[in-house]
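Thanks for coming, everyone. I'll keep this short. Have a look at the structure, and then we'll walk through it.

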Amino acid sequence: MSSPSPRRILGLCGSLRAGSLNRHALRLAGEQLAQLPEAHSLELLDWREVPPFDADVLAAGLPEPVRRAREAVAAADGVLIATPEYNFSLPGMLKNLIDWLSRGEDQPFAGKPVAMLSAATGPLGGARVQYDLRKVLLFVNASVLVKPEVFIGQAQTKFDADGRCTDAATVQFVRTQMQAFVAWIEATRRQRGG
Ligand SMILES: Cc1cc2nc3c(=O)[nH]c(=O)nc-3n(C[C@H](O)[C@H](O)[C@H](O)COP(=O)(O)O)c2cc1C
C-alpha cells in the first residue's frame, strides 16, 4: 500500500465555551496528526455565528456562516468531531449545525470521512452522545469511523490549565484513533476512486 499524502482535517467542537475540554481534545488530536509521518493538519471550524435553523431563512438563501461551514466541510479530507454529551445526547447547537449542513442534494457530509470523540466531566466520557451522533451522521451518509472509540472521562483531570493533555493513556488512545482515521480517509478515497 502506498503511503498517504498529508490530509487536511476539519475539527468541529461541539462546545462553544472558551475553556472547552473537547476543544482541548481536538488540540491533542491535532498534535497527534501532525506527528504522524505525513504530518496531517487539523484546522478548527468556527461555527459560533450559525443561526437557529429556519426553513424560511434557508428558502431566502444560505446565511453566510452556514455557507462558510458548508464550504469548510466540503473542502476537508475528513471531519473530526469532538463533542460533549448534553443530557445524554447531542448539544442542541451541534445538531442545529448539522441540520443546516444537511440541506440540499450536494450536502457536504455525503461520503465524507468522519471520526468522533467525546470528553466529559463524568466517568463515561460522553458514551451516550456518540451513538446519537452516529445516528444523525448515518442519515447524512457520512462515512463514519467505527473503531477505535475514544471517550475521555473525568476530562477535567486530564488536561492542564493550558489545555495540554497530562494523561499518557489518553494521548495514546487519541493517537491510535488518529492513525485509524487517516487510514479510514485513505480507504474511503480508494473506494470512491479518489
Ligand atoms: C447542558 C449540559 C448538560 C450536560 N449533560 C451531561 C451528560 O448528559 N453527560 C455527561 O457526561 N456530562 C454532561 N454534562 C457535563 C459535561 O460533560 C461538561 O460540562 C463538559 O465539560 C462539557 O464539555 P466542554 O468542556 O467541552 O464544554 C452536561 C453539561 C451541560 C452544560
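First, a term. A polar contact here is a pair of N or O atoms within 3.5 Å. With that in hand, take phenylalanine 88: one of its backbone N or O atoms lies 2.8 Å from an oxygen atom of the ligand. Keep in mind that this is a predicted model.

Let's stay with the ligand. Which residues come nearest to it? Of the 13 residues around it, they are Ser15, Arg17, Ser20, Asn22 and Glu85. Two of these have distances I can quote. Serine 15 places a polar side-chain atom 2.7 Å from a ligand oxygen. Arginine 17 has a side-chain N or O atom 2.8 Å from an oxygen atom of the ligand.

Glu85 has another partner. The side chain of glutamate 85 forms a salt bridge with that of arginine 128, at 2.9 Å from N to O. This pair links distant parts of the chain: glutamate 85 sits in the loop between β3 and α4, arginine 128 in helix α5, and 43 residues separate them. Is each one buried or exposed? Glutamate 85 counts as buried, at 16% relative accessibility. Arginine 128 is partly exposed, at 33%.

Now the other salt bridges. How many are there in the whole structure? The search finds 10. One of them joins the side chains of arginine 7 and glutamate 186, at 2.7 Å, N to O. Arginine 7 is in the segment before β1 and glutamate 186 is in helix α6, so this pair ties together parts 179 residues apart in sequence. Both residues are buried.

Next, aspartate 106 and arginine 70. Their side chains meet in a salt bridge at 2.4 Å, N to O. Here too the pair links distant parts of the chain: aspartate 106 is in the loop between α4 and β4, arginine 70 in helix α3, 36 residues apart. Aspartate 106 is exposed, with a relative accessible area of 58%, whereas arginine 70 counts as buried at 15%. There is also a network: Glu64, Arg67, Arg68 and Glu71 are linked by salt bridges.

On to helix α6, residues 168-191. Which of its residues are buried? They are Thr170, Val174, Gln177, Met178, Phe181, Val182, Ile185, Glu186 and Thr188. An α-helix has 3.6 residues a turn, so residues three or four places apart point the same way. The buried residues of α6 pack against β1, α1, β3, β4, β5 and β6. After the helix comes glycine 193, with a positive phi near 75 degrees.

Now the cores. In soluble globular proteins, nonpolar side chains tend to be buried together. The largest nonpolar core here has 27 residues. Those with the most contacts inside it are Leu12, Val79, Ile81, Leu97, Phe109, Val114 and Leu137. Two or more residues each come from β1, α3, β3, α4, β4 and α5. The top contributor is α4, with 5 residues. Another core lies apart from it, with 26 residues, among them Ile9, Leu80, Ile152 and Phe159.

Zoom in on valine 79. Beyond its neighbours within four places in sequence, valine 79 is in contact with Leu10, Leu12, Val73, Phe109, Lys112, Pro113, Val114, Ala115 and Phe181.

Back to α4. Its buried residues are Leu94, Asn96, Leu97, Ile98, Trp100 and Leu101. Their cover includes β1, α2, α3, β3 and α5.

That brings me to tryptophan 47, in the loop between β2 and α2. Tryptophan 47 is buried, with a relative accessible area of 3%. Which residues does it touch, leaving out those up to four places away in sequence? Leu12, Cys13, Gly14, Leu16, Met93, Leu94 and Leu97. A polar atom of its side chain is 3.0 Å from the backbone oxygen of cysteine 13.

One last stop: histidine 24, in helix α1. At 17% relative accessibility, histidine 24 counts as buried.

Notes
Residues numbered from 1 in each chain as written. Predicted model: local features only at pLDDT ≥ 70, side-chain atom pairs only at ≥ 80, totals over all residues. Heavy atoms only, no water. Buried < 20%, exposed > 50% of the residue type's maximum accessible area, 1.4 Å probe, protein only. Helix = DSSP H or I, 4+ residues; strand = E, 2+ residues; numbered from the N terminus. Contact = heavy atoms within 4.5 Å. Core = buried A, V, L, I, M, F, W, Y, C linked by side-chain atoms within 4.5 Å. Salt bridge = Lys/Arg side-chain N within 4 Å of Asp/Glu carboxyl O. Near = heavy atom within 4 Å. Polar contact = N/O pair within 3.5 Å; in protein donor to acceptor, adjacent residues only side chain to side chain.
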